[in-house]
Amino acid sequence: YDCVIKNSRIFEITPKISKKIGILHAEARNKILGFSLADASVVCSAQAISAKIVTKDRHFKGFKEAILIKWLLSPFLKDNKIETFKYLYFMEKVWV
């Protein structure tokens with residue numbers, strides 16, 4: 001928790017950003033099935049502060065702010081039983 005707080009930045013969503021969110025949502029929801037107002041908020045917020053979005057959510061594919069990841073589950077076997085799981089993250093470059 002402390003690590004997240006130390007490396008986080010709180011910023012205000014201004015009326016200008018809110019308008020961009022609404023416009024993006026209206027445009028994208030017809031092209032991207034399931035694209036939500038929250039998705040539009042994340043994209044516009046990232047644009048406002050020049051941030052990247054690291055996600056496995058395919059709703060963000062095609063946005064230059066997005067870095068899509070693939071999660072692979074790799075089980076460690078002991079006596080033919082799965083004991084623990086290790087998550088491996090593979091970066092996938094998003095081409096706009």
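**Close-up 1. Ser50 in the predicted model, an exposed residue in a loop.** Ser50 has a relative accessible area of 71% and is therefore exposed (exposed means over 50%, buried under 20% and partly exposed in between, with a 1.4 Å probe and protein chains only). The residue lies in the loop between H3 and S1; helices (H or I, at least four residues) and strands (E, at least two) are DSSP runs numbered from the N terminus. The phi of Ser50 is near 55°, a positive value in a residue other than glycine. Most residues other than glycine have a negative phi.

**Close-up 2. The aromatic pair of Phe35 and Phe63.** Rings of Phe, Tyr and Trp (its six-membered ring) pair if their centres lie within 6.5 Å; planes under 30 degrees apart count as stacked, over 60 as edge-to-face and the rest as tilted. One aromatic pair is counted by this rule. The ring centres of Phe35 and Phe63 are 5.8 Å apart and their planes stand at 25°, so the pair is stacked. Distant parts of the chain are linked by the pair, 28 residues apart: Phe35 is in the loop between helix H2 (15-28) and helix H3 (37-49), and Phe63 in the loop between strand S1 (53-55) and strand S2 (66-78). Phe35 counts as buried at 4% relative accessibility, and Phe63 counts as buried at 14%.

**Close-up 3. Ser45, a buried residue of helix H3.** The relative accessibility of Ser45 is 13%, so the residue counts as buried. Apart from neighbours within four places in sequence, Ser45 is in contact (heavy atoms within 4.5 Å) with Phe11 and Ile13.

**Notes.** In this predicted model, local features need pLDDT of at least 70 and side-chain atom pairs count only at pLDDT 80 or more, whereas totals for chains, interfaces and linings use all residues. Residues are numbered from 1 along each chain as its sequence is written, and side-chain values use heavy atoms, with hydrogens and water left out.
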